[in-house]
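Subject: Structure for your review

Dear colleague,

Please find below the structure that I am handing over to you. My findings follow directly after it.

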2 protein chains.
Amino acid sequence: MAYQSELNTSQRILMGPGPSDVHPRVLKAMATPLIGHLDPEFVEIMDDIKAMAQLTFQTKNHLTFVVSAPGSAGMETCLVNLLEPGDEALICIHGVFGGRMADIAERCGAKVTRVEAPWGEPIDPKQIKAALEQCQPKVLAIVHAETSTGVLQPLEEISRIAHDAGALFLVDAVTSYCGTELKVDEWGIDAIYSGTQKCLSAPPGLSPVSFSERAVEALEKRKTKVQSWFLDLSLVRSYWAGAKRAYHHTAPVSAMFALREAYRLVLEEGLEKRFARHRRNHELLKRELEALGFEFLVQAGYRLPMLNAVKLPEGVDDAIVRRRLLDEYNIEVGSGLGQFAGKIWRIGLMGESSTQNHVHVLVSALKDIF
Amino acid sequence: MAYQSELNTSQRILMGPGPSDVHPRVLKAMATPLIGHLDPEFVEIMDDIKAMAQLTFQTKNHLTFVVSAPGSAGMETCLVNLLEPGDEALICIHGVFGGRMADIAERCGAKVTRVEAPWGEPIDPKQIKAALEQCQPKVLAIVHAETSTGVLQPLEEISRIAHDAGALFLVDAVTSYCGTELKVDEWGIDAIYSGTQKCLSAPPGLSPVSFSERAVEALEKRKTKVQSWFLDLSLVRSYWAGAKRAYHHTAPVSAMFALREAYRLVLEEGLEKRFARHRRNHELLKRELEALGFEFLVQAGYRLPMLNAVKLPEGVDDAIVRRRLLDEYNIEVGSGLGQFAGKIWRIGLMGESSTQNHVHVLVSALKDIF
C-alpha cells in the first residue's frame, strides 16, 4: 500500500491561491518538539502571537487572536458570533467568498440582503447605499481581496457607509493580510478574519481574527447562545485573553510555533517594505504575462498584487498547461473557480512566493511550453 | 518585545492529557516543504490517511476522514450533522466531555435527555434502558475514554441498546483511539471522532472521524442545512471522497504530513502490540504511584491505561508540585478538571509518552520532591 512508503513529495514552487512557499525558519520552528497547550511557555507564545497579530492588523483591539482552524472557520467565527436568528445582514458578493459569507449568515438564521457586482469587478459604494434604503443590517460584510477573481476592494468609503447605517463592518482579509495595506483601526473595521497560508506564508490551518470594541459589545448583548461551541467567542476568549487561561480546546501547538516565526519574518521585513515587494513583483509579472498574450481580468487600479487573475491567451488549454507546469516544472498555479473555471488562472505571488525568481521561472516555463 | 527572540522552548516530557510526545519522524515529516492542497500528490496523501484511519478505527466505513480542526471540532462535526432542530438526543455524562456533547446538541436545537453517572464511574447500561422508556432519541452519545476522569466506558452492550431503540450510536474516542481496543464496525458504532494529540502522538489540530452507512443515510435524509458551513459533511465529503476532489477549504497540509507519519508508526508497531504497551506501562505506573501514596480515582476494570486519574497523597499541594515537576524536571502532568480541580492529577502515558522511561523519570522526580 502507498502509505507504507515514506512521505516523498515533489519540491513544488507554489504560485497558486495558497498555500504559498514557506520560509525554512518557519518549517524549522514548526518541527520543534511540542510543549503542552497550557504550559506557561505556551501562554507566552500565544501572547507573542496576539501582539504580532495586532501589529499586522494595525489594531489595538484587545480581542485579537487566532482561530484553531483554517480561514473558512475564521469567516464562520465572525458571522456566528455577530449574528443571531432574525438579525439582518448585508453581504457584498463579487466572487466565491462573498457567496460563502451569505451562505453562512443564512445558516445563522439571519435575513440576508445581497449586494452583487459582476465577478471581476469591485462593489460600488452606491449599490450599498441603495440597498441600505431597504434594510437595517446589524452586520455589513465584504471581501477585501476576492481570491476567486483577483479584485482588490476599496474599503474606507464602505466602512463609513456601514457605520452611518449603524452596522458593524466585517471584512474578509484572507488574501490581502500582510500583502497589501490593511488598517483595521484607521479604516473602522469591526471584525476581520484572515488565513495563514497566503501572504503570511505559514502553513494553512489557522485564522487570525480581530474584533473592535463595538463588535465586543454586540457579542455581549447576544440573547442566544452562539450556535457553534467550537467557535463561541464567549468561551474562546477566556483561553486567549482571560486572566487565568481557561481550557477550551487543545490549541494546535506546532502550527502556532510556525505562525510565531512567520509573523517574526513579516515584522523583520516591515509591513511597508513587504507591501512594496508585493507590488513590485506584481508589476514584473504583469509586464511578462502581457507580452505572452495574457490579459488581466480586473481593470487597473483594482488588481490584487498577490493574486493575479488572468485570462488565458487564445488556444491555450487550461488543464493541459497547468498539468505540464506542475509535472515538468514543479510549478503550481491556480485554476479558475466557479464561473471562471477553465477560463482564467490565478497566479499567486504571496509572501515567500513573491520574488523575482518566482516570476522568472514561471515565465520561462510558459515560454518553453507555448 | 518577547516575540523578537527566536522560539526557545524547554524540552518537556509530556505526561498530561495531551499533547503527548511526538516521534522525530513525525516532526521531520511535518517540516517537509509544502505542496498545494489540491496537488495530485496531496490527494494521494489524503487517500493514504483515509486508509490508515479506517485500519485504526477497524472500520470499512467509506465516510472516514479527518476534520481540519481539533477534537472538539470533531465532536461538533458529528453532532451538527446528525442532529436537526427538534430531534431527540440521549447524551451520557460522566465527566467534562459528555457535558460538552450535551451543550453542543442543545445548540443544534435538539431535545437532550441526560443520563448521568458520578464523575469517576462508568455509565450503567441499566440507566440508559430506563431513560429510553421516556424518550426516542435519534442519537445516543457516550464518551469511550473520559479524559476528565480516567474512566474507560464499556461500549458493546450500550451499542446494542442504542440500536434496539432505533438510535444512532455516537462515540467520543478522543483519548482511547490507538491506545486501547476500539472496534468501530464490530461494536456497531455509527459515528465516532477522535484527536491526533493523544495515543496517535501527532501534533494537536486534527480530528479523525468515521460515519457508518446508517449515519450516512441519516445525513442524506436531513430536511435542513447543517448549521455549520465549515463542518457540513455534504460539502466536506466531496473534498475527501468525491470522484473529482472539490475545493471546500484549504486543508492543513503540514499537519496532514505529520498525521500520515504518525499513522505509519502506529501501523508499523501494530494495534495489538500498541495496546499491550499502553497496558504494561499503566501497570508499572500504578505499582509505583500506589507505593508513593497515590490512589486511583476509578475502580479497577474501568481504568484508562493511557490516562491515569489519581488522588494526591495527603499533604501534597497540587499546584506547587506540578509547577516543580515542570520547572525542575521538565515534566508535564495534567491537573484535575471541573469538580476535580486541585484534587486529582491526570497522568498521561499516551502514544510516544507510554514508555518505561516516562514512568521512571516521573516516579524518580516525585520521590525527589516528596
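Among contacts in chain A between residues at least 6 apart in sequence, 72% join residues at least 24 apart; two residues are in contact if their C-beta atoms, placed from the backbone, lie within 7 Å. The model is predicted: local features need pLDDT of at least 70, side-chain atom pairs count only at pLDDT 80 or more, and totals for chains, interfaces and linings use all residues. Residues are numbered from 1 along each chain as its sequence is written, while chains are lettered from A and ligands numbered from 1 in the order in which they are written.

Chain A contains 12 helices and 14 strands. Both are DSSP runs numbered from the N terminus, helices being H or I of at least four residues and strands E of at least two. The radius of gyration of chain A, taken over C-alpha atoms, is 21 Å, close to the 21 Å that the globule rule gives for 370 residues, so chain A is as compact as a globular protein of that length. That rule is 2.2 Å times the number of residues to the power 0.38. The C-alpha trace of chain A spans about 60 × 55 × 45 Å along its principal axes.

Of the 370 residues of chain A, 57% count as buried, which requires 20 or more other C-beta atoms (placed from the backbone) within 10 Å of a residue's own. In strand β5 (residues 139-143) of chain A, 5 of the 5 residues are buried. A:V139, A:A141 and A:V143 point one way from β5(A), and A:L140 and A:I142 point the other way. In a regular strand the side chains alternate between the two faces of the sheet.

Which strands does β5(A) pair with? Strand β3 (residues 88-93) of chain A runs parallel to β5(A) and is joined to it by 3 bridges; two strands pair if DSSP finds at least two bridges between them. Strand β8 (residues 168-172) of chain A pairs with β5(A) in the parallel sense over 5 bridges. A:L140 is the bridge partner of A:L90 in β5(A), and A:F169 is the bridge partner of A:L140 in β8(A).

In chain B, an open sheet of 7 strands has the order β2-β10-β9-β8-β5-β3-β4, with mixed pairing. Its edge strands, β2 (63-67) and β4 (111-116) of chain B, each pair on one side only.

Finally, a rotation of 180 degrees with 0.0 Å of shift along its axis superposes chain B on chain A, with an RMSD of 0.0 Å. That is the relation of a two-fold axis. The superposition is by least squares on the C-alpha atoms of residues with pLDDT of at least 70 in both copies.

Yours sincerely

Technical notes:
A residue is buried if 20 or more other C-beta atoms lie within 10 Å of its own, exposed if 12 or fewer, and partly exposed in between; C-beta atoms are placed from the backbone.
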